[in-house]
Amino acid sequence: MTRSPATPLPPPKARRRLRESAALTQAQLAARVGVARETVRAWESGRTTPRGRKREAYAQLLSTLAEEAAARRAKPTLTPEPEPRPEPEPEPRAEPETERSPVPVVVAVGAGAQSPAQEATQEPAREDTQSKPAQGAVDSLVLPAKPLEERGPQEQPDRGPETEPHSEPMPGAARPGPDQLTPAQAFDALYQFSAPSLVRQTYLLTGRRELARESVERAFQVAWEHWPEVARDRDPVGWVRASAYEYALSPWQRFRLRHRHPEPPPADPGDRTLLNTLLRLPPPHRRTLLLYDGVGLGLPETAAETEASTPAAANRLMRAREALAGRLPELADPQVLHRRLAELASAERLRAAEPTAVRTGSERRARFLTRAAIAFTVALIGTTALTLRTAPTHYEPPVSPGETVRGVPPRVAPGPLSDEQLELRQKLRDQLQDGPERLTPRIE
(Lines give C-alpha, C1' and ligand atoms only; values in the text may rest on other atoms or scores of the structure.)
Protein backbone atom coordinates (compact mmCIF):
# COMPACT_ATOMS: atom_id res chain seq x y z
CA MET A 1 0.00 0.00 0.00
CA THR A 2 1.55 3.33 -1.08
CA ARG A 3 0.97 6.63 0.65
CA SER A 4 0.07 9.64 -1.47
CA PRO A 5 2.63 12.47 -1.31
CA ALA A 6 1.89 15.42 0.95
CA THR A 7 0.52 18.60 -0.55
CA PRO A 8 3.46 20.92 -1.37
CA LEU A 9 3.71 24.17 0.58
CA PRO A 10 5.73 27.33 -0.10
CA PRO A 11 8.59 28.25 2.25
CA PRO A 12 7.68 29.83 5.62
CA LYS A 13 8.70 33.33 4.51
CA ALA A 14 6.61 33.03 1.35
CA ARG A 15 3.60 31.96 3.45
CA ARG A 16 3.86 35.09 5.52
CA ARG A 17 4.28 37.33 2.47
CA LEU A 18 1.15 35.84 0.90
CA ARG A 19 -0.83 36.47 4.07
CA GLU A 20 0.38 40.05 4.38
CA SER A 21 -0.25 40.75 0.69
CA ALA A 22 -3.89 39.75 1.26
CA ALA A 23 -4.10 42.09 4.30
CA LEU A 24 -4.90 39.22 6.67
CA THR A 25 -3.80 38.91 10.28
CA GLN A 26 -2.69 35.62 11.72
CA ALA A 27 -5.90 35.41 13.72
CA GLN A 28 -8.02 35.90 10.58
CA LEU A 29 -6.07 33.30 8.61
CA ALA A 30 -6.27 30.88 11.55
CA ALA A 31 -10.06 31.31 11.65
CA ARG A 32 -10.30 30.50 7.93
CA VAL A 33 -8.16 27.37 8.30
CA GLY A 34 -9.74 26.33 11.60
CA VAL A 35 -6.68 26.33 13.86
CA ALA A 36 -5.27 28.50 16.63
CA ARG A 37 -3.36 31.71 15.97
CA GLU A 38 -0.25 30.25 17.62
CA THR A 39 -0.38 27.35 15.18
CA VAL A 40 -0.29 29.73 12.19
CA ARG A 41 2.54 31.57 13.87
CA ALA A 42 4.51 28.30 14.21
CA TRP A 43 3.80 27.45 10.55
CA GLU A 44 5.07 30.81 9.32
CA SER A 45 8.20 30.66 11.49
CA GLY A 46 9.05 27.17 10.22
CA ARG A 47 8.98 25.52 13.66
CA THR A 48 6.17 23.13 12.74
CA THR A 49 4.63 21.83 9.53
CA PRO A 50 0.90 21.24 9.00
CA ARG A 51 -0.28 17.73 8.35
CA GLY A 52 -3.34 15.93 7.09
CA ARG A 53 -6.48 17.90 6.34
CA LYS A 54 -5.09 21.07 7.89
CA ARG A 55 -2.17 20.92 5.45
CA GLU A 56 -4.52 20.56 2.48
CA ALA A 57 -6.74 23.43 3.66
CA TYR A 58 -3.70 25.62 4.37
CA ALA A 59 -2.15 24.85 0.98
CA GLN A 60 -5.43 25.58 -0.83
CA LEU A 61 -5.82 28.89 0.99
CA LEU A 62 -2.24 29.91 0.15
CA SER A 63 -2.82 28.97 -3.48
CA THR A 64 -5.91 31.17 -3.54
CA LEU A 65 -3.99 34.07 -1.99
CA ALA A 66 -1.20 33.64 -4.56
CA GLU A 67 -3.68 33.71 -7.44
CA GLU A 68 -5.30 36.85 -6.04
CA ALA A 69 -1.91 38.52 -5.67
CA ALA A 70 -0.98 37.58 -9.25
CA ALA A 71 -4.30 38.94 -10.49
CA ARG A 72 -3.72 42.24 -8.69
CA ARG A 73 -0.26 42.59 -10.21
CA ALA A 74 -1.51 41.75 -13.70
CA LYS A 75 -4.42 44.22 -13.56
CA PRO A 76 -3.69 47.09 -16.02
CA THR A 77 -3.83 50.57 -14.53
CA LEU A 78 -3.34 53.94 -16.21
CA THR A 79 -1.85 55.55 -13.14
CA PRO A 80 -0.12 53.78 -10.29
CA GLU A 81 -2.61 53.55 -7.48
CA PRO A 82 -1.41 53.33 -3.90
CA GLU A 83 -1.89 49.99 -2.23
CA PRO A 84 -5.14 50.03 -0.24
CA ARG A 85 -4.53 49.74 3.46
CA PRO A 86 -7.24 48.54 5.79
CA GLU A 87 -8.18 50.62 8.72
CA PRO A 88 -6.17 49.82 11.83
CA GLU A 89 -7.98 47.69 14.32
CA PRO A 90 -8.39 49.14 17.79
CA GLU A 91 -5.67 47.69 19.97
CA PRO A 92 -6.73 46.35 23.35
CA ARG A 93 -5.65 48.41 26.28
CA ALA A 94 -2.55 46.78 27.68
CA GLU A 95 -2.07 46.25 31.36
CA PRO A 96 0.88 48.02 32.98
CA GLU A 97 2.59 44.66 33.55
CA THR A 98 2.38 43.57 29.90
CA GLU A 99 3.41 46.79 28.11
CA ARG A 100 6.59 46.65 26.11
CA SER A 101 9.31 47.96 28.30
CA PRO A 102 13.00 47.35 28.77
CA VAL A 103 12.17 46.32 32.33
CA PRO A 104 11.33 42.59 32.38
CA VAL A 105 8.16 41.38 34.02
CA VAL A 106 7.23 38.15 35.77
CA VAL A 107 5.03 35.82 33.77
CA ALA A 108 2.58 33.45 35.42
CA VAL A 109 -0.36 31.31 34.49
CA GLY A 110 -3.71 32.86 35.29
CA ALA A 111 -6.03 31.24 37.72
CA GLY A 112 -8.83 31.22 35.14
CA ALA A 113 -6.80 29.49 32.44
CA GLN A 114 -8.17 26.31 30.98
CA SER A 115 -6.78 22.95 31.91
CA PRO A 116 -4.29 21.24 29.57
CA ALA A 117 -6.82 18.55 28.68
CA GLN A 118 -9.36 21.16 27.55
CA GLU A 119 -6.70 22.98 25.50
CA ALA A 120 -5.62 19.71 23.90
CA THR A 121 -9.15 18.87 22.73
CA GLN A 122 -10.36 22.34 21.78
CA GLU A 123 -7.11 24.20 20.93
CA PRO A 124 -8.57 27.67 21.49
CA ALA A 125 -6.77 30.64 20.01
CA ARG A 126 -5.08 32.11 23.04
CA GLU A 127 -4.44 35.75 22.54
CA ASP A 128 -2.37 36.09 25.71
CA THR A 129 -1.62 33.35 28.22
CA GLN A 130 0.20 35.66 30.60
CA SER A 131 -1.49 37.14 33.59
CA LYS A 132 -0.53 39.14 36.61
CA PRO A 133 1.88 37.38 38.95
CA ALA A 134 0.81 36.29 42.37
CA GLN A 135 1.60 38.55 45.29
CA GLY A 136 5.05 37.91 46.66
CA ALA A 137 6.41 36.31 43.51
CA VAL A 138 10.10 36.94 43.14
CA ASP A 139 11.41 38.50 39.93
CA SER A 140 13.42 35.53 38.72
CA LEU A 141 11.76 33.89 35.72
CA VAL A 142 11.63 37.17 33.86
CA LEU A 143 10.63 37.31 30.22
CA PRO A 144 9.10 39.98 28.01
CA ALA A 145 5.36 39.78 27.58
CA LYS A 146 6.01 39.64 23.82
CA PRO A 147 9.58 40.31 22.68
CA LEU A 148 8.43 41.19 19.19
CA GLU A 149 4.70 41.79 19.17
CA GLU A 150 2.88 39.81 16.56
CA ARG A 151 1.42 42.31 14.14
CA GLY A 152 -0.58 41.87 11.02
CA PRO A 153 -0.79 44.28 8.09
CA GLN A 154 -3.47 46.32 9.89
CA GLU A 155 -1.21 46.86 12.88
CA GLN A 156 2.02 47.56 11.00
CA PRO A 157 3.25 51.18 10.96
CA ASP A 158 3.32 53.09 7.70
CA ARG A 159 6.49 52.27 5.81
CA GLY A 160 7.84 52.81 2.32
CA PRO A 161 7.94 50.20 -0.43
CA GLU A 162 11.66 49.47 0.01
CA THR A 163 11.40 48.85 3.75
CA GLU A 164 11.71 45.26 4.92
CA PRO A 165 8.41 43.96 6.32
CA HIS A 166 10.07 42.45 9.41
CA SER A 167 12.45 45.28 10.38
CA GLU A 168 11.44 45.85 14.00
CA PRO A 169 13.72 46.98 16.80
CA MET A 170 14.94 44.42 19.27
CA PRO A 171 13.28 44.22 22.69
CA GLY A 172 14.78 46.26 25.45
CA ALA A 173 15.92 49.05 23.13
CA ALA A 174 14.19 52.26 22.18
CA ARG A 175 12.62 52.44 18.75
CA PRO A 176 15.19 54.01 16.42
CA GLY A 177 14.36 57.06 14.43
CA PRO A 178 16.29 57.90 11.28
CA ASP A 179 19.32 55.96 12.55
CA GLN A 180 18.73 52.22 12.66
CA LEU A 181 20.42 49.92 15.15
CA THR A 182 23.47 48.08 13.96
CA PRO A 183 23.44 44.26 14.18
CA ALA A 184 25.85 44.37 17.13
CA GLN A 185 23.68 46.86 19.02
CA ALA A 186 20.52 44.85 18.36
CA PHE A 187 22.25 41.66 19.53
CA ASP A 188 23.51 43.35 22.70
CA ALA A 189 20.01 44.66 23.44
CA LEU A 190 18.49 41.21 23.01
CA TYR A 191 21.20 39.62 25.16
CA GLN A 192 20.90 42.12 28.00
CA PHE A 193 17.12 41.80 27.90
CA SER A 194 16.75 38.02 27.99
CA ALA A 195 20.04 36.38 29.04
CA PRO A 196 19.58 36.64 32.87
CA SER A 197 16.14 35.03 32.77
CA LEU A 198 17.29 32.32 30.36
CA VAL A 199 20.16 31.40 32.69
CA ARG A 200 17.70 30.98 35.58
CA GLN A 201 15.36 28.89 33.46
CA THR A 202 18.18 26.64 32.26
CA TYR A 203 19.32 26.18 35.85
CA LEU A 204 15.86 24.90 36.78
CA LEU A 205 16.04 22.60 33.75
CA THR A 206 19.45 21.06 34.54
CA GLY A 207 20.26 21.83 38.18
CA ARG A 208 23.80 22.91 37.18
CA ARG A 209 24.96 26.50 37.36
CA GLU A 210 27.95 26.27 35.01
CA LEU A 211 25.99 24.28 32.45
CA ALA A 212 23.17 26.86 32.55
CA ARG A 213 25.55 29.74 31.83
CA GLU A 214 27.39 27.77 29.16
CA SER A 215 24.15 26.73 27.44
CA VAL A 216 22.83 30.29 27.23
CA GLU A 217 26.16 31.64 25.98
CA ARG A 218 26.38 28.87 23.38
CA ALA A 219 22.81 29.57 22.25
CA PHE A 220 23.57 33.27 21.81
CA GLN A 221 26.75 32.44 19.92
CA VAL A 222 24.70 30.34 17.51
CA ALA A 223 22.17 33.18 17.29
CA TRP A 224 24.96 35.62 16.37
CA GLU A 225 26.18 33.22 13.68
CA HIS A 226 22.62 33.13 12.26
CA TRP A 227 21.76 36.72 13.14
CA PRO A 228 19.86 37.64 9.93
CA GLU A 229 17.49 34.74 10.56
CA VAL A 230 17.13 35.48 14.28
CA ALA A 231 16.61 39.21 13.73
CA ARG A 232 13.70 38.54 11.35
CA ASP A 233 12.11 35.92 13.60
CA ARG A 234 8.82 36.84 15.26
CA ASP A 235 10.11 35.62 18.64
CA PRO A 236 13.92 35.90 18.88
CA VAL A 237 13.85 35.11 22.59
CA GLY A 238 12.02 31.86 21.85
CA TRP A 239 14.61 31.05 19.16
CA VAL A 240 17.47 31.44 21.62
CA ARG A 241 15.55 29.69 24.42
CA ALA A 242 14.93 26.61 22.27
CA SER A 243 18.61 26.45 21.31
CA ALA A 244 19.73 26.80 24.95
CA TYR A 245 17.34 24.07 26.12
CA GLU A 246 18.48 21.69 23.39
CA TYR A 247 22.13 22.22 24.30
CA ALA A 248 21.50 21.83 28.03
CA LEU A 249 19.46 18.62 27.64
CA SER A 250 21.84 17.03 25.14
CA PRO A 251 22.68 13.43 26.17
CA TRP A 252 26.33 14.07 25.35
CA GLN A 253 26.66 16.33 28.40
CA ARG A 254 26.88 13.29 30.69
CA PHE A 255 30.19 12.24 29.09
CA ARG A 256 31.96 15.49 29.99
CA LEU A 257 34.33 15.28 32.93
CA ARG A 258 33.20 18.55 34.47
CA HIS A 259 29.55 17.41 34.55
CA ARG A 260 30.07 13.93 35.98
CA HIS A 261 30.25 15.18 39.55
CA PRO A 262 27.14 16.83 41.05
CA GLU A 263 27.24 20.47 42.08
CA PRO A 264 26.39 21.67 45.60
CA PRO A 265 22.60 21.66 46.09
CA PRO A 266 20.64 24.71 47.29
CA ALA A 267 21.03 25.57 50.94
CA ASP A 268 17.30 25.68 51.72
CA PRO A 269 15.79 22.19 52.31
CA GLY A 270 12.56 23.11 50.50
CA ASP A 271 14.44 24.36 47.46
CA ARG A 272 16.60 21.24 47.51
CA THR A 273 13.54 18.98 47.58
CA LEU A 274 11.86 20.88 44.74
CA LEU A 275 14.99 20.81 42.57
CA ASN A 276 15.52 17.08 43.15
CA THR A 277 11.88 16.42 42.26
CA LEU A 278 12.23 18.43 39.05
CA LEU A 279 15.41 16.60 38.06
CA ARG A 280 13.69 13.23 38.55
CA LEU A 281 11.18 14.07 35.83
CA PRO A 282 11.95 12.96 32.26
CA PRO A 283 13.58 15.77 30.24
CA PRO A 284 10.54 16.27 27.92
CA HIS A 285 8.15 16.49 30.89
CA ARG A 286 10.50 18.82 32.77
CA ARG A 287 10.84 21.11 29.76
CA THR A 288 7.09 21.22 29.14
CA LEU A 289 6.39 22.02 32.79
CA LEU A 290 8.97 24.80 32.83
CA LEU A 291 7.66 26.42 29.64
CA TYR A 292 3.99 26.26 30.65
CA ASP A 293 4.00 26.84 34.42
CA GLY A 294 7.33 28.65 34.72
CA VAL A 295 7.68 30.83 31.65
CA GLY A 296 3.93 31.13 31.01
CA LEU A 297 3.68 30.03 27.37
CA GLY A 298 0.39 28.76 26.00
CA LEU A 299 -0.10 25.09 25.32
CA PRO A 300 0.15 25.40 21.49
CA GLU A 301 3.32 27.48 21.81
CA THR A 302 4.76 24.97 24.29
CA ALA A 303 3.96 22.11 21.92
CA ALA A 304 5.56 23.95 18.99
CA GLU A 305 8.75 24.71 20.93
CA THR A 306 9.10 21.14 22.20
CA GLU A 307 8.33 19.77 18.71
CA ALA A 308 5.33 17.78 19.91
CA SER A 309 1.63 17.77 19.20
CA THR A 310 -0.72 19.67 21.46
CA PRO A 311 -2.27 16.52 22.99
CA ALA A 312 1.21 15.11 23.65
CA ALA A 313 2.30 18.35 25.34
CA ALA A 314 -0.86 18.33 27.47
CA ASN A 315 -0.21 14.72 28.50
CA ARG A 316 3.37 15.53 29.47
CA LEU A 317 2.22 18.53 31.48
CA MET A 318 -0.41 16.58 33.42
CA ARG A 319 2.04 13.76 34.21
CA ALA A 320 4.67 16.24 35.40
CA ARG A 321 2.13 18.00 37.62
CA GLU A 322 0.99 14.68 39.07
CA ALA A 323 4.59 13.70 39.86
CA LEU A 324 5.22 17.04 41.60
CA ALA A 325 1.95 16.97 43.50
CA GLY A 326 2.58 13.38 44.60
CA ARG A 327 5.75 14.41 46.45
CA LEU A 328 4.91 18.05 47.17
CA PRO A 329 1.12 18.36 47.54
CA GLU A 330 1.29 22.11 48.12
CA LEU A 331 2.43 22.59 44.49
CA ALA A 332 -0.83 21.34 42.98
CA ASP A 333 -1.90 24.96 42.35
CA PRO A 334 -0.21 26.38 39.19
CA GLN A 335 0.23 29.82 40.78
CA VAL A 336 1.93 28.33 43.84
CA LEU A 337 4.14 26.26 41.54
CA HIS A 338 5.13 29.33 39.55
CA ARG A 339 5.99 31.23 42.72
CA ARG A 340 8.08 28.36 44.05
CA LEU A 341 9.95 28.07 40.75
CA ALA A 342 10.64 31.80 40.85
CA GLU A 343 11.90 31.60 44.42
CA LEU A 344 14.13 28.63 43.60
CA ALA A 345 15.66 30.41 40.61
CA SER A 346 16.18 33.67 42.51
CA ALA A 347 17.90 31.91 45.42
CA GLU A 348 20.96 31.26 43.23
CA ARG A 349 23.29 34.01 42.09
CA LEU A 350 23.49 33.32 38.39
CA ARG A 351 25.10 35.94 36.22
CA ALA A 352 25.56 35.88 32.47
CA ALA A 353 28.65 37.09 30.65
CA GLU A 354 28.86 40.41 28.87
CA PRO A 355 27.33 40.57 25.37
CA THR A 356 30.61 41.77 23.89
CA ALA A 357 32.40 38.69 25.21
CA VAL A 358 29.72 36.43 23.75
CA ARG A 359 29.95 38.08 20.33
CA THR A 360 33.76 37.98 20.25
CA GLY A 361 33.68 34.35 21.43
CA SER A 362 31.32 33.45 18.60
CA GLU A 363 33.50 35.21 16.05
CA ARG A 364 36.64 33.61 17.48
CA ARG A 365 35.01 30.18 17.32
CA ALA A 366 33.90 30.77 13.73
CA ARG A 367 37.45 31.81 12.73
CA PHE A 368 38.91 28.75 14.45
CA LEU A 369 36.51 26.39 12.70
CA THR A 370 37.18 28.06 9.35
CA ARG A 371 40.94 27.81 9.75
CA ALA A 372 40.66 24.21 10.94
CA ALA A 373 38.57 23.33 7.89
CA ILE A 374 41.10 25.02 5.58
CA ALA A 375 44.03 23.25 7.26
CA PHE A 376 42.29 19.89 7.04
CA THR A 377 41.53 20.45 3.37
CA VAL A 378 45.15 21.42 2.61
CA ALA A 379 46.44 18.38 4.53
CA LEU A 380 44.05 16.11 2.64
CA ILE A 381 45.12 17.55 -0.72
CA GLY A 382 48.83 17.20 0.18
CA THR A 383 48.39 13.61 1.35
CA THR A 384 46.55 12.73 -1.85
CA ALA A 385 49.26 14.32 -4.02
CA LEU A 386 52.04 12.53 -2.11
CA THR A 387 50.25 9.22 -2.46
CA LEU A 388 49.83 9.68 -6.19
CA ARG A 389 53.49 10.65 -6.51
CA THR A 390 54.97 7.75 -4.55
CA ALA A 391 52.52 4.95 -5.35
CA PRO A 392 53.92 2.16 -7.67
CA THR A 393 52.55 1.94 -11.18
CA HIS A 394 52.90 -1.89 -11.58
CA TYR A 395 52.87 -4.94 -9.38
CA GLU A 396 56.16 -6.23 -8.04
CA PRO A 397 55.99 -9.65 -6.37
CA PRO A 398 57.61 -9.70 -3.00
CA VAL A 399 60.91 -11.55 -2.51
CA SER A 400 60.64 -14.34 0.00
CA PRO A 401 63.00 -13.96 2.93
CA GLY A 402 66.00 -16.28 3.26
CA GLU A 403 66.15 -19.17 5.72
CA THR A 404 69.12 -20.48 7.66
CA VAL A 405 69.89 -24.17 6.84
CA ARG A 406 71.61 -26.34 9.39
CA GLY A 407 72.92 -29.87 8.67
CA VAL A 408 72.47 -31.83 5.45
CA PRO A 409 69.40 -30.66 3.57
CA PRO A 410 67.02 -33.34 2.37
CA ARG A 411 67.30 -34.42 -1.25
CA VAL A 412 64.65 -32.73 -3.22
CA ALA A 413 65.49 -34.14 -6.66
CA PRO A 414 67.36 -37.23 -8.02
CA GLY A 415 71.07 -36.61 -8.44
CA PRO A 416 73.79 -38.64 -10.23
CA LEU A 417 73.43 -42.47 -9.83
CA SER A 418 76.03 -44.59 -8.15
CA ASP A 419 77.65 -47.69 -9.73
CA GLU A 420 75.26 -50.04 -7.97
CA GLN A 421 72.25 -48.06 -9.16
CA LEU A 422 73.57 -48.00 -12.71
CA GLU A 423 74.15 -51.78 -12.63
CA LEU A 424 70.66 -52.42 -11.32
CA ARG A 425 69.10 -50.21 -13.98
CA GLN A 426 70.98 -52.01 -16.75
CA LYS A 427 69.95 -55.39 -15.36
CA LEU A 428 66.30 -54.36 -15.36
CA ARG A 429 66.54 -53.13 -18.93
CA ASP A 430 68.07 -56.43 -20.12
CA GLN A 431 65.21 -58.52 -18.80
CA LEU A 432 62.24 -59.31 -21.04
CA GLN A 433 59.77 -56.58 -21.00
CA ASP A 434 56.82 -58.88 -21.88
CA GLY A 435 57.24 -61.13 -18.90
CA PRO A 436 58.74 -64.65 -18.55
CA GLU A 437 58.61 -67.24 -21.29
CA ARG A 438 55.52 -69.44 -21.60
CA LEU A 439 55.96 -72.84 -20.04
CA THR A 440 55.10 -75.83 -22.24
CA PRO A 441 54.49 -79.36 -20.87
CA ARG A 442 57.09 -81.97 -21.62
CA ILE A 443 56.74 -85.78 -21.81
CA GLU A 444 58.93 -87.47 -19.39
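Okay, let's start with the rings: this structure holds eight aromatic pairs, where rings of Phe, Tyr and Trp (its six-membered ring) pair if their centres lie within 6.5 Å. It's a predicted model, so local features need pLDDT of at least 70 and side-chain atom pairs pLDDT 80 or more, while totals for chains, interfaces and linings use all residues. Residues are numbered from 1 along each chain as its sequence is written, and side-chain values use heavy atoms, without hydrogens or water.

So how do you describe a ring pair? You give the distance of the centres and the angle of the planes.

Take phenylalanine 187 and tyrosine 191: their centres are 6.4 Å apart and their planes at 25 degrees, so we call them stacked. Stacked means planes under 30 degrees apart, edge-to-face over 60, and the rest are tilted. Both residues lie in helix H6, four residues apart, about one turn of the helix. Helices here are DSSP runs of H or I, at least four residues, numbered from the N terminus.

Is phenylalanine 187 buried or exposed? Buried, with a relative accessible area of 0%, and tyrosine 191 is buried too, at 2%. The cut-offs: buried is under 20%, exposed over 50%, partly exposed in between, using a 1.4 Å probe and protein chains only.

Now, tyrosine 191 also pairs with phenylalanine 220, edge-to-face this time, 4.7 Å centre to centre with 75 degrees between the planes. That pair links distant parts of the chain, from helix H6 to helix H7, 29 residues apart.

Zooming out, Phe187, Tyr191, Phe220, Trp224 and Trp227 form one aromatic cluster.

Note on methods: Helix = DSSP H or I, 4+ residues; strand = E, 2+ residues; numbered from the N terminus.
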